[in-house]
Amino acid sequence: MSPQLDPAFVEREYNNRALVPDHADYFARWLRDSEFVRSTLPGELDLAYGPDLRHRIDYFPAAGARSTLVFIHGGYWRTLDKSMFSWLAAAWVAAGVNVAMVNYRLSPAVRIDDIVDDTVAAMNWLMQRYDWEQVVVSGHSAGGHLTAALFATPTARLRFDTARIAGGVPISGLCDFAPLKLFSFNADFRLDDAAVARLDLYDKAPTIAAPLVVAAGAAESSEFQRQSSLLAKAWAPQVRSLLLLPGLNHFNIVDAFAERGQPLYEATRSLFE
């Protein structure tokens, strides 16, 4: 499905930190704001859903809420941590929505297939522990892929009633893995043709029937916009909207996810209604 598989093109289109020179400023602000939220917002931190030290979830409950947003962080399956995104919880808890933030193992210690398994395990654990009535699963970048991968997981692997899933929001995610074989980060991913075939999502049917909002920034690379458009077209019957958001790059799109009035926030909020 990829328009061209030229290594120089792939390197340019998929290196988001190089495309956004001030990305470190976003990281610094997110870390600072997240520390404040964890010190002021009631929550349960580092709940274990599995044996690895990264099999952990942070949970921020909203008083009396039966609706929950699950957020899966990005970092190209190689870096970052749920603790960098605690700041997101403040806006959603204020809106009366519980927030659960998932960590997972990272490559190169494990492969992306294993990280998909972690996502499934985390959701099984959460859905069995809590009696939430409405759950929206969301994620950014690698987390966007993991969100969509959950929606394509065989139902036999899901130990909960999928009718409890109210929606999914893959943000700046990936569904076509062929270009990543040529990306320098594949030294960590270790993708081969068989792994690409397993991980590709555009050629698989979703097994969770809830509606999806698929989003990317219109200021992201053409390939990241193509990836979101490809998933939205492939899963069209249940994709409520494809948002290619003007002025948003690969990092400030996360800010828009937590800002009332922003199309991404409002589209996500509508999934609970």
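This is a predicted model: local features need pLDDT of at least 70, side-chain atom pairs count only at pLDDT 80 or more; totals for chains, interfaces and linings use all residues.
Local features were considered only at pLDDT of at least 70 and side-chain atom pairs only at pLDDT 80 or more, whereas totals for chains, interfaces and linings use all residues. Residues are numbered from 1 along each chain as its sequence is written, and side-chain values rest on heavy atoms, with hydrogens and water left out.

Eight strands form an open sheet with mixed pairing, in the order β1-β2-β4-β3-β5-β6-β7-β8 (strands being DSSP runs of E of at least two residues, and helices runs of H or I of at least four, numbered from the N terminus; strands pair if DSSP finds at least two bridges between them). Because β1 (44-48) and β8 (239-245) stand at the edges with a single partner strand each, one side of each is left without a neighbour in the sheet. From one strand to the next, the twist averages 20°. Strands β3 (residues 67-72) and β4 (residues 98-102) pair in the parallel sense over five bridges, with V70 opposite A100 in β4.

Helix α5 packs on this sheet, touching β1, β2 (56-60), β3, β4, β5 (134-140) and β6 (165-171), and its direction makes about 115° with that of β1 (contact means heavy atoms within 4.5 Å; angles run from 0 to 180 degrees between N-to-C directions, with axes fitted to C-alpha atoms, for helices over the stretch in contact). Among the buried residues of α5 are I112, I115, V116, T119 and M123 (buried, under 20% relative accessible area with a 1.4 Å probe, protein chains only).

Elsewhere, helices α1 (residues 7-14) and α9 (residues 222-234) pack at about 80°, with their axes 7 Å apart, which makes α1 roughly perpendicular to α9 (65 to 115 degrees). In this contact, F9, E13 and Y14 of α1 meet S222, E223, F224, R226 and Q227 of α9.

Conventions. Angles under 35 degrees count as roughly parallel, over 145 as roughly antiparallel, 65 to 115 as roughly perpendicular and the rest as oblique. Buried means under 20% relative accessible area, exposed over 50%, partly exposed in between (1.4 Å probe, protein chains only).
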